[in-house]
Number of protein chains: 2
Amino acid sequence: MMRKKQGILVIADGLGDRPISLLGRLTPLEFADTPNLDKLSKEGMTGNVYPISPGVPVGTDVGHLEIFGCNSIEVYPGRGPIEAISAGFDLQKNDVAFRGNFATVGENDVVLDRRAGRITQDTHRLAASLDGMVLSDGTVAYVRTLTEHRVAVVLRGDNLSMDIECTDPGTAHEGEALVKPYALIECEKAVRTAALLQEFTEKCNEILKKHPVNIKRQAEGMYPANVIITRGAGMNSSIPNIAEKFDIKAATIAGDVTIGGIGKLVGFDYFTDANFTGGFDTHVASKGQKALELIRQGYDWVIVHIKATDLAGHDNLPFEKVEIIEKIDKMIGELMDSVDADSCYIAVTSDHSTPCEVRDHTGDSVPTIIWGEDVRSDSPIKAGEKYFAKGMLNNLTAHDIFMLQMDLMGFVKKIGA
Amino acid sequence: MMRKKQGILVIADGLGDRPISLLGRLTPLEFADTPNLDKLSKEGMTGNVYPISPGVPVGTDVGHLEIFGCNSIEVYPGRGPIEAISAGFDLQKNDVAFRGNFATVGENDVVLDRRAGRITQDTHRLAASLDGMVLSDGTVAYVRTLTEHRVAVVLRGDNLSMDIECTDPGTAHEGEALVKPYALIECEKAVRTAALLQEFTEKCNEILKKHPVNIKRQAEGMYPANVIITRGAGMNSSIPNIAEKFDIKAATIAGDVTIGGIGKLVGFDYFTDANFTGGFDTHVASKGQKALELIRQGYDWVIVHIKATDLAGHDNLPFEKVEIIEKIDKMIGELMDSVDADSCYIAVTSDHSTPCEVRDHTGDSVPTIIWGEDVRSDSPIKAGEKYFAKGMLNNLTAHDIFMLQMDLMGFVKKIGA
């Protein structure tokens, strides 16, 4: 029986970047003062790793599913289930989940505003008036709030299908009518589910248009949140429970509830805190302390997620990206000082590149390190994309990095005998 | 919306090589004096890249389909459609196309010469006498000339199949009779198509044996071109239109019509010129000028193809290979001087290796560079297979290189959200 070890994985969202003129043609990671990441790199295995494959940009959801050990192309459930889990909903195998918005419709169901005037107040009260709605065949609809105008909608009943067109006409079609849901495949389940979504939408409208919150909003000249529009239908039945599959006790530490939700989908416990904001003001050091606490409690694998590197990329703020990397570096130093390198690995990676000058996700590879007492070492001079290009992990994929960590920790079964 | 950029890709056919004693155990690329390729390499990403996978040699057609973004294993249409397009034929979805030769048959359809004495004169007149032939069920046969004795044959009709054995007995069976076409799968379409090819072949023989060109040839003691033998049956229905798929405007510049034809199959415009010969005498500098002109005209991706590196490999002419590489280097210099590196990438690759001492295509990887203002750099000391082996693109595939270029240029859609 192989001895089991523990591991901490730090995910700096959108960390990967390209040479930036303002930084002397270095990337933010290359430019940053990172003594601890440099030490981790020199003593560990390094490389630039593709989220899925070269040149394919991924969303945060797909990027994290891969890092967490899923083949996201096969199992990607659509965004609905991820949002439902993020909203704290206990999604079951046959539930169909949707991303939704509170929106405003006028005459003939024309969508006047896809975000109900970016409503932020009282969405809990509106959702509560809809949550648990029983539809004609006994199917139950659940509505849970997310940030601002966003909600997750779940239909729970017999024989539902995710293969339907939803009601949201999309940003490009604001000013047009709600889409009447229809089946995308020839299948009775899909026809039924489309009809149920239509019924749900009509009943929402009936209830919401008379809701005191909306009567007040209209009196104040604001758009009423008189309907819920839906998109991203999905079921989570295809996502494997990675924690069970590898028999690991794993945890995600993140300010961003979506990351926590993705972790929960694959069976990882989620820990957050008011200090963990998912923004530039997130308390990076506390996240490291929380990780050490969970390691002491006996978690096998603890994932620490920092979102701010991605925000800096989207907003083309290279110096802010450098600053957050330096904060992460300090946390890495504390982790290195605190763990027993002989029994706990430390790894660093990212879900995708968000180069500042591109301001969006790209298909570039992402800098990655795996460190521990018995890890082979390839000694780059510093942490950074250009130094890792010659590393032994170079051109591997996020899924490869997951498997390497699981194997180092002793959780991968031998194939053959 | 991500900003779109442009790109020029230079393909030196058969560029990859192995250490050659005559060159002091350097490859032609390592041996050549290439200041511009060296600069491109130092400032760009480099690596030796496999056309499909390690150790698998590919033909020019498959190599280019991969470089152009196809999964050639899935979509390879057979050589027939590629030749038909190369011959300028407007191939439709359900056409079945063949490579063909004018050949000479004697008694009992015995093939006396598979190339009709390497006929070069008057093939247009012979083809014209057959082109548009209507077969018994209304299927129409088209015959278009290629170089020398070569032709493309296309059958256009209802319910045709490419799964048939064709008439050409092959080089090893010269002196044997024409193959009588038969279905390779149990399928009525294939049985019909085989019968139609037989009918076409018999009618060709009827018409050609009485043709004045052949009567004159026989009078002069030459082999008459009294039949067309066919091979390489294929349909182009499976080849994706890459230009549409990625929403790019792309162009191929080549002297070799087959390369132009492969480009057309995937939706790329084809430009050639009397100076572009596909031989050692091709005007490399003019091809570069044409590429710059097309970039100025707004093409997103312009491909410049040079065949002579491959010819030098096949003929074991290492110094000639060095010479053509140095010509390509000068063109690369002009491209680098002329493009705006911030908005136009330059890449260099090859469809396969043609090592001089092997005199044939091998499954070795091919030297590859991607260069541009925001490209990560791995700084090898010079352009060449041995220097690129530590590059960040090393061991990727031609398809990966296609995707990386598309992603840099901003034409790859994100997976997930």
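Which residue does A:Arg192 meet in a salt bridge? I looked this up in a predicted model, where local features need pLDDT of at least 70, side-chain atom pairs count only at pLDDT 80 or more, and totals for chains, interfaces and linings use all residues. Residues are numbered from 1 along each chain as its sequence is written, chains are lettered from A in the order in which they are written, and side-chain values use heavy atoms, with hydrogens and water left out.

**Entry 1, salt bridges.** I found that the side chain of A:Arg192 meets that of A:Asp137 at 2.4 Å, N to O, where a salt bridge is a side-chain nitrogen of Lys or Arg within 4 Å of a carboxyl oxygen of Asp or Glu. The two are 55 residues apart, with A:Arg192 in helix α7 and A:Asp137 in the loop between β5 and β6 of chain A (helices, H or I, of at least four residues and strands, E, of at least two are DSSP runs, numbered from the N terminus). I noted A:Arg192 as partly exposed at 28% relative accessibility, and A:Asp137 as partly exposed at 40% (buried means under 20% relative accessible area, exposed over 50%, partly exposed in between, with a 1.4 Å probe and protein chains only).

I then saw A:Lys5 and A:Asp374 joined by a salt bridge at 3.3 Å, N to O, although they lie 369 residues apart. Here A:Lys5 is buried at 9%, whereas A:Asp374 is partly exposed at 45%.

The cysteine sulfur nearest to that of B:Cys166 belongs to B:Cys204, 13 Å away.

Notes:
Disulfide = S-S within 2.5 Å.
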